[in-house]
Amino acid sequence: MTGNVFSIRGRTALITGASRGIGLSIAELFADEGAEVVLVARKQETLDEAAETIRARGGKAHAIASHMGKAEDIQRLVAALDERGLAIDILVNNAGISPPHVESFADTPESLWDKIMDVNLKGPFLLSGAIGKRMVARGKGSIINISTTSALMSQPEIGAYCVSKAGLNTVTRCFAREFGPHGVRVNAISAGVIRTVMGDHTLNDPERYADMMKINPLKRAGLPEEVANAVLFFASDASSYSTGTIFQVDGGVLS
Ligand SMILES: NC(=O)c1ccc[n+]([C@@H]2O[C@H](COP(=O)([O-])OP(=O)(O)OC[C@H]3O[C@@H](n4cnc5c(N)ncnc54)[C@H](OP(=O)(O)O)[C@@H]3O)[C@@H](O)[C@H]2O)c1
């Protein structure tokens, strides 16, 4: 391997949940590094704004609204990529939801359970399957799933979220085994608490924040760009011998 192995210049990357937070940071970093980016989230307007910001700084960006919890939306998204002739080299399954805390895990409403599983687990499974098969046909590709330390630390008040992301870790490993022989790698980032709209739920509650910092050796929340930097590593050839990895970006919480 010669040249800059961290380079993703000239590659096409699809990032879900790319209108804000961690997903937007990944999209901006990838575009700055010379990749053409496809931004996906539910709301077209905020996606268009994000894509415009990227274009304004010289990047190439597409914005396609799609709901990651709906199989028919995912089929439409994949069809739109084919129609536009966009062959995806890097897929980042980042879109995710973590709804408000429940009183008891046992009383998690079925509708809430289904909603979380659809977006956090079924969506990445379906999209990785569809795009992964196209990567396999081309003999190359990298898929990165954005998971969480909560997949390994059970928290009953957000139990469904923990279960969905533990499932996502296993989806990562299953696809890593299936696609590995065909040159397609699949890894996950296990993020700790990160400063975003989702992360603010924890960060704005001083008691919860203090509790979390007790087990955090770096004594602070992470930034979206700190997750994006790790994603770049797995997107690029710098991580060419890594697949099926669940990589911690969590301030050392699981150390
Ligand atoms: N922040 C943290 O502390 C933290 C920690 C560990 C892991 N994570 C994981 O990191 C990922 C990103 O989180 P974040 O903190 O950046 O969240 P965020 O600020 O809430 O952003 C979520 C993004 O996902 C999109 N989205 C939400 N539901 C969607 C759906 N059904 N289909 C398509 N897009 C959807 C949102 O746009 P629309 O509303 O327009 O759809 C938005 O672009 C998630 O998977 C989360 O579980 C976050």
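Which β-α-β unit do β2, helix α2 and β3 make, right-handed or left-handed? The first view answers this, using a predicted model.

**View 1. Strands β2 and β3 with helix α2 form a right-handed β-α-β unit.** Strand β2 covers residues 36-41 and strand β3 covers residues 60-65. Helix α2 spans residues 44-56. The two strands, β2 and β3, pair in the parallel sense. Six bridges join them. Look for Val-40 in this view: Ile-64 in β3 stands opposite Val-40.

**View 2. The largest nonpolar core has 71 residues.** Six residues have the most contacts inside this core: Ala-13, Ile-15, Ala-27, Val-37, Leu-39 and Val-231. Helix α5, residues 159-179, gives the core its largest share, eight residues. In soluble globular proteins, nonpolar side chains tend to be buried together.

**View 3. Ala-27 and its contacts.** Neighbours within four places in sequence are left aside here. Ala-27 then touches Ile-15 and Ala-18, along with Val-37 and Leu-39. Ala-50 and Ile-54 are also in contact with Ala-27. Ala-27 is itself among the residues with the most contacts inside the largest nonpolar core.

**View 4. A shell of 30 residues surrounds the ligand.** The closest are Gly-17, Gly-21, Arg-42, Gly-96 and Gly-199. By type, the shell divides into 13 nonpolar, 14 polar and three charged residues.

**View 5. Helix α1 and strand β5 at the ligand.** Helix α1 covers 21-32, and strand β5 covers 141-148. Each supplies at least two residues of the shell. Which element gives the largest share of the shell around the ligand? The answer is α1, with three residues.

How values were computed. Residues numbered from 1 in each chain as written. Predicted model: local features only at pLDDT ≥ 70, side-chain atom pairs only at ≥ 80, totals over all residues. Core = buried A, V, L, I, M, F, W, Y, C linked by C-beta atoms within 7 Å. Buried ≥ 20, exposed ≤ 12 C-beta atoms within 10 Å, placed from the backbone. Helix = DSSP H or I, 4+ residues; strand = E, 2+ residues; numbered from the N terminus. Contact = placed C-beta atoms within 7 Å. Pairing = 2+ DSSP bridges. Right-handed = clockwise from strand over helix to strand, strands pointing away. Near = placed C-beta within 6 Å. Nonpolar A, V, L, I, M, F, W, Y, C, P; charged D, E, K, R; others polar.
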